[in-house]
Each structure stands twice: as structure tokens, then as C-alpha cells.
Amino acid sequence: MTTTPVDLLSAQGLRITFPGRHGAEPARAVDGVDLDIRPGEIVALVGESGCGKTTLARSLLGLVPPTAGQVTFDGKPLDYRSRALKAYRKRVQLVLQDPSGSLNPRHTVYDAVAEGLRIHGYAGDERQAVHDALSRAGLRPPERFFLRYPHELSGGQRQRVVITGALVLEPELIVADEPVASLDASVRGEILALLLRLRDELGLSALVVTHDLGLAWNIADRVAVMYLGRIVETGDVEQILTAPRHPYTQALLSVLPEAGGDPVVLTGEPPDPSRVPSGCRFHARCQVLASGEAERAGVADACRTQDLPVLAGGSETQVACHWATAKVAAGS
């Protein structure tokens, strides 16, 4: 008998709205999202800047309470009271994109890593815990780094210290926001390999927030593509990245060097989240609609006027696109 894996972290119908400025309409930063992460799984949350992915990640961390919907962890709804959140953040840790900004320049590596242990009242051998965490992150011998300061480290070493600060609490899930964006290309592969090794050795789950589908290809098990507050395509990384169905995903992939063809240039900027357009929220920038393909498929009016349903969570490949749905129905 096959059992369905239990989700470690799950968002259901998540909405996050911020008040509008100077009487403007509220900004719908996250506008109905279902997203699941299983034990030992790496999920990449991909999209342009301003699409809502960082706000969604902060809400999953308990930093931004949702306006509607629910976050559950290990089968239990997230409790936003301070004591419960403190216990939750021991199990779910954040790794930021800028290691220079994440580390206090006046703290040694030892103190930077030990800070979390002290906040959570760790009762074990602090020195041993810091030693072991540095070793797991590839900073060896650990003692050589104890008394060093961030400015004495390379960019890759600083990012390893940031990851160590999360690992020392032995979390079950890390949320990594653009974890290699500030690093040289030569170092990025090392950090990605480290995250994969930690997943395999520790059973660690991860949500990796990125604008780079190439990074998702190298590290993720599943991909969720976000546009203007919603997930528009989600599923297994290989299936999404080798046969993308949503025009937005196709455009993001087209700029990768390995794509081979001409990159798709999206017109204009993403709409203001306080003025979400009618119909498909991508339609004003959609290359399929602009080329007449949607018209030939008989869905152009739907693209402009009919909203699309929120994609359900889970591991199945899904897409929120009138044109892609029509293609499947037509057998093409």
C-alpha cells in the first residue's frame, strides 16, 4: 500500500494585503496561494522582483501574518503568539541573500553562529555545537574560523557562516532568499552543492526564493512560478523547465544561455498589485496573446476578461493559463 507523503510546511489560500498609500486601493502582494513542501524536498519559488515571492516567504516564516488563509507546519496551524513563534523559528530558519548585511561586523564567526543557540537557551555544549555546524558547512578546521571577523572572509565563506548560523539550531526547514545572488559565479556552485549535501545528510527541507530559473534547475525538486501575487505554474522541476506551459515561464526560461533560441522580451513592467488587471493577470505582457496564438486558440477574450482559479497545492504539474488549458483540450 502506497502512502502519501505528509507535507512539512503548507500554505492554503494565503492572502497578504497591505494598505494603499494616500487613499489608493490595498496592494494584494500575495493573492491566493497554495504551496506545500515535503520533508527532505527543495522547492524553488521563482519570479521577477515585485511578484510577491519574498512576502510569501516572510509569511511562511511567521514574520508577516496573512490577511486570509492559513500556514501549517508539521500538520498544525502556525501560532503567531510570540512564545509559539520562537519555538517555530528554531525549526524553520531563514538564510538571507547578502551575507555582508546578515553578519554583524563586530561579531566573530563564533559569536555569529552561537547567537541562535543563546537566544533559544541551548543547554548543551555551545562550543561543540558551533564546531560541528561550521564543519558541516565546509568551514574546516572550524577552530580556524572561531575568532575571525566577516571582513576577513571571502564572500563564499561569509555565506557559509550565514548557513551555519541557521544549521546550528538543527532546523527541519530553511527558507533561502536568493542564497547565491551576491556571489561570484565560481562560488555559486559550491554553495548550491552544500545545500544539496545538507539535504541528503540531514534530511533538510528548503524553500529557495530566486528570480533565476537556472538556479532552480540545479537545486530544486519542484518549482513554483509566481506572478503578481499568484502561483501560475508548478510541478516537478524537470517537467516545468523542459516543457513549460505558461507563457511567463517560457519567457523566464528563454533568457537562460542553455535555452538556445531568441529570448522573449516582455513588454512593460509587472502591474501594480493594487491595480490587478481583469482576466489573466499576465495578459497585458503575454507574448502568446500579442502574437495572435491565443486568438487562434479561441481564448483571447477569456485571457482579457476571465480570472483563473488559484492552483491547488501538491506535487502535480499545474498551470493557470487559458491558452495552455485550451492546448491540452485540443490535444496539442
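This is a predicted model: local features need pLDDT of at least 70, side-chain atom pairs count only at pLDDT 80 or more; totals for chains, interfaces and linings use all residues.
Two packed helices are described by the angle between their axes and the distance between the axes. Helix H4 (residues 109-119) and helix H6 (residues 155-167) have axes that come within 7 Å and cross at roughly 30 degrees. H4 is therefore roughly parallel to H6, as angles under 35 degrees are classed in this way. The crossing in which H4 passes H6 is right-handed. H6 also packs with helix H7 (residues 185-202), at an angle of about 20 degrees and with the axes 10 Å apart. This angle makes H6 roughly parallel to H7. The H6 and H7 crossing is likewise right-handed.

Side chains of opposite charge can pair when their charged atoms come close. In total, 17 salt bridges are present in the structure. One of them is formed by Asp74 and Arg91, with a separation of 3.2 Å between the closest N and O atoms. Asp74 is located in the loop between strand E4 (68-73) and strand E5 (76-77), whereas Arg91 belongs to helix H2 (residues 82-91), so this pair ties together parts that are 17 residues apart in sequence. Both residues are partly exposed: the relative accessible area is 42% for Asp74 and 29% for Arg91.

Arg91 takes part in a further salt bridge, with Glu172, at an N to O distance of 2.6 Å. Because Arg91 lies in helix H2 and Glu172 in the loop between H6 and strand E7 (173-177), the parts tied together by this pair are 81 residues apart in sequence. Glu172 is partly exposed, its relative accessible area being 27%. Arg91 thus pairs with Asp74 and with Glu172, because a salt bridge is assigned wherever a side-chain nitrogen of Lys or Arg is within 4 Å of a carboxyl oxygen of Asp or Glu.

Another salt bridge joins the side chains of Asp79 and Arg81, at 2.6 Å from N to O. Asp79 is partly exposed, with a relative accessible area of 26%, whereas Arg81, at 60% relative accessibility, is exposed. Elsewhere, salt bridges link Arg15, Arg28, Asp31 and Arg281 in a network.

A nonpolar patch on the surface consists of Leu63, Leu94 and Leu96, which together have about 220 Å² of accessible area. Of these residues, Leu96 is situated in the loop between strand E6 (92-95) and helix H3 (99-102). Leu96 counts as partly exposed, at 38% relative accessibility.

Most residues other than glycine have a negative phi, and most peptide bonds are trans. Against this background, the peptide bond joining Arg140 and Pro141 is cis, with omega about -10 degrees. Pro141 is located in the loop between helix H5 (126-136) and H6.

Positive phi values in residues other than glycine include those of Glu170, near 55 degrees, and Glu178, near 45 degrees. Glu170 is found in the loop between H6 and E7, while Glu178 occupies the loop between E7 and H7. The accessibility of each glutamate was also computed: Glu170 is exposed, at 63% relative accessibility, whereas Glu178 is buried, with a relative accessible area of 9%.

Methods:
Residues are numbered from 1 along each chain as its sequence is written. Side-chain values use heavy atoms; hydrogens and water are left out. Patches are made of residues with over 30% relative accessible area and no salt bridge: like charges are joined within 9 Å, nonpolar side chains (Val, Leu, Ile, Met, Phe, Trp, Tyr) within 5 Å. Accessible areas come from the Shrake-Rupley method with a 1.4 Å probe; for residues, only the protein chains shown count as cover. Helices (H or I, at least four residues) and strands (E, at least two) are DSSP runs, numbered from the N terminus. Buried means under 20% relative accessible area, exposed over 50%, partly exposed in between (1.4 Å probe, protein chains only). Axes are lines fitted to C-alpha atoms, for helices over the stretch in contact, and angles run from 0 to 180 degrees between N-to-C directions. Angles under 35 degrees count as roughly parallel, over 145 as roughly antiparallel, 65 to 115 as roughly perpendicular and the rest as oblique. A crossing is left-handed if the near helix is turned anticlockwise from the far one by less than a right angle, and right-handed if clockwise.
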